[in-house]
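Subject: Structure for you to look at

Hello,

Here is the structure I promised to send. Please open it beside this email, as my notes follow it step by step.

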Amino acid sequence: MALFSFEGKSFVDNLPKIYGIYTGGFLAFFALMAWFETLGMSADMIGVLFLMFTIVIYAFIGVLSRTMAADAYYVAGRSVPPVFNGMATAADWMSGASFVALAGGVFMGGHGYMAFIVGWTGGYVLVATLMAPYLRKFGCYTVPDFIGTRYGGKLARFCAIVVLVVASFTYVTAQINATGTIAARALGIPFEFGVWFGLAGILVCSMLGGMRAVTWTQVAQYIVLIIAYLLPVFWMSIVQGFGPVPQFAYGDAVARIMELEPMLGVGTKATESVAGLGVLTTLHATPAEGALAAWKFVTLTACMMIGTASLPHILMRYFTTPSVRAARNSVAWSLFFIFLLYFTAPALATFSKLQLLDPNLPTAIIGQSIDKVMALDWVNKWSAIDMLAIRDSNGDGMLQINEFFLRADIIVLATPEFAGLPYVISGLVAAGGMAAAMSTADGLLLAIANALSHDLYYKIIDPKAETKKRLLTARILLLVIGALGAFVASLKLTGILGAVAWAFCFAMSGLFFPLVLGVWWKRANRPGAIAGMVIGLASGWGYLIAVRSGMDPWLGLDHLRFGIVGAVASLVSMVVVSLLTPEPDEEIQRMVDEVRIPRGDTIVSHH
Amino acid sequence: MTADDRVAHWHRTRTLMITHLCVWFVFAYGVHWFAPALNNISFVGWPLGYYFAAQGSLIVFVVQLFLFTKQQDAIDREFGVAEDD
């Protein structure tokens, strides 16, 4: 079983081989399913097999890497090589929203929606230059661990725990919601059961093995989700004649859409309305004009970037590398793996749209007779679950652009069908979406449970607790928080994307400046940091409530952008309070000096 | 490591950070602020403003980070504070 020790030199050396075999096995499974489809296996059955097969593998890795050692449980034994940590971070990062909703957003929202793409990648520049290497040098287990040690005192640690829990819990409900939706659709069970089914899968992966199990399942999940995302795009590109590297060749497709849009009348509002669905009214590549539109684009980008650099479940991934240099490298690799998906998303949206619009393609539906379109298999399937609707508003029997209603979230899942690809691709995409949502939920649940068990229970409540008792607490908390998350998700309070944006804004309101200034400003002290966290979170949250209850947003800062208000309040209060109170003692100042150089022992040592 | 070296190392590190954040700022905000104007320029088929949002900025960020890790590592080595290989 040396191969499965999940630690040590021989395991690390064997990683490329292990995951190489795994990837080969997954592709073989895909080929098998494709063959079964030609033999006449039903579409539903293929979907079920895809989900089951992948979840069983994640659970298998999760169970094999169970551990009772604190270092392995909290930081995967600090032995994860940068490239693999990059893949794990990418899976941790790319949630149900990135995988399922992003391309759909670009499809419907055009240029303005790409603020998410720019924001979700550019944030890593902040992570690499300002945070990750220094937090790694600290040697902490969790993000509140850093705050607690740098600023000292239980109150500062406690404030960090509160911000972490608020941000991560908001995020996790969205992910459990996504797993529930996919499980419900693929297995044909009600959403309320789907949520619990998804949660069970998530817990098997993280409960027994903590960070170590989550790391190695996330690498496996990344491989599934990236294959599932890229394969249909390559396929469509070749079928439509744009060649084998769509990301560099779809400029012509964008140009073709811009040419078609005025002919088809994109921009004319629908004369009817269908609850929850919309028609295509935004031009594909034309940004909205004016200073307010540009301001809205850059503020949304800023929220997503600064939020990225404050999200605890992402930052804690860089605690698992063997060295400070490896932490830095690992951020670069994370961004590279994330980039592979994000720079493909607009291509997916473009090809998908062209399939439906271009009258020269056999898959076009706009401008065709309504009877013919209504007879299509995928139109029937998606309209049966109210995700798509066709209305002949002007009664001419032909489908106009403003008579085709759909929900943006279905684009990624439905594109293989738009394009007339075999069903096996749809099964693959469902498995990819599941992997994306599960891996993010894993990371988030673990961030919350670790902060509560390590920082709240061990560091604040019972500093004498034995390792065994601490790890047991972590596991029980994981179960409780997971159940709570599933319960909240089953209430369906907000959409997936809204909840994700809120999580970013909460995190940046409370954590960004206390983290950054902790490294870059020696003068920052405990009262300042506490003020920064408390006032930042409170003003961000207060502003959100005010806007939601009808206040006019300031300068167009709506509920997706409330982090700007929170972060500014956090910065101002932290600087002012720090300067009004005595500077930190010499020991802390020496500690900050020590954090700034990579060499040497970590600041915190755990036993 | 002497106190002077410490100060010099941190100075170089900080300059590198600020340089990268300046480049980041241009591609994170600058080019998107002027997207409507840039869209009049065509870049291998794409309108340029669209291209930056869909791919251009992303490519800059990735290249930038690999470069940054290399440069920071060189600074650490020069001052003898890099970790042992």
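How many helices and strands are there in chain A? Chain A has 25 helices and two strands. Bear in mind that this is a predicted model.

Chain A overall

Chain A has 607 residues and a radius of gyration of 24 Å. A compact globule with that number of residues would have a value near 25 Å, so the two agree. The C-alpha trace spans about 80 × 60 × 40 Å along its principal axes. Of the residues in chain A, 62% count as buried. Take the contacts between residues at least 6 apart in sequence: 82% of them join residues at least 24 apart. On charge, chain A carries 37 positive and 35 negative side chains. The centres of these two sets lie 12 Å apart.

One helix in detail

Now go to α18 of chain A, residues 377-384. Which of its residues are buried? They are Trp378(A), Val379(A) and Trp382(A). Looking down the axis of α18(A), you will find the buried residues within an arc of 100°, so they line one face of the helix. The background is simple: an α-helix has 3.6 residues a turn, so residues three or four places apart point the same way. Asp377(A) and Ala384(A) are on the other side of α18(A), and they are exposed.

What covers the buried residues of α18(A)? The cover includes the helices α8 (154-187), α16 (345-357), α17 (370-374) and α19 (411-418) of chain A. It also includes the strands β1 (388-390) and β2 (404-406) of chain A. After α18(A) comes Asp386(A), with a positive phi near 60°.

Chain B

Chain B has three helices and two strands. From the N terminus their order is α-α-β-β-α. The radius of gyration of chain B is 18 Å, whereas a compact globule of 85 residues would have one near 12 Å. Its C-alpha atoms fill a box of roughly 55 × 25 × 10 Å along the principal axes. In chain B, 49% of the residues count as buried. For contacts in chain B with a separation of 6 or more, 62% come from residues 24 or more positions apart. Chain B exposes about 4,100 Å², with 68% supplied by carbon and sulfur atoms. It has 5 positive and 8 negative charges, and their mean positions are 6 Å apart.

Best wishes

How values were computed
Residues numbered from 1 in each chain as written. Chains lettered and ligands numbered in written order. Predicted model: local features only at pLDDT ≥ 70, side-chain atom pairs only at ≥ 80, totals over all residues. Heavy atoms only, no water. Helix = DSSP H or I, 4+ residues; strand = E, 2+ residues; numbered from the N terminus. Rg over C-alpha atoms; globule rule 2.2 N^0.38 Å. Buried < 20%, exposed > 50% of the residue type's maximum accessible area, 1.4 Å probe, protein only. Contact = heavy atoms within 4.5 Å. Areas by Shrake-Rupley, 256 points an atom, 1.4 Å probe, with all protein chains shown as cover. Lys, Arg positive; Asp, Glu negative; His and termini not counted. Charge placed at Lys NZ, Arg CZ, Asp CG, Glu CD. Arc of directions from axis to C-beta.
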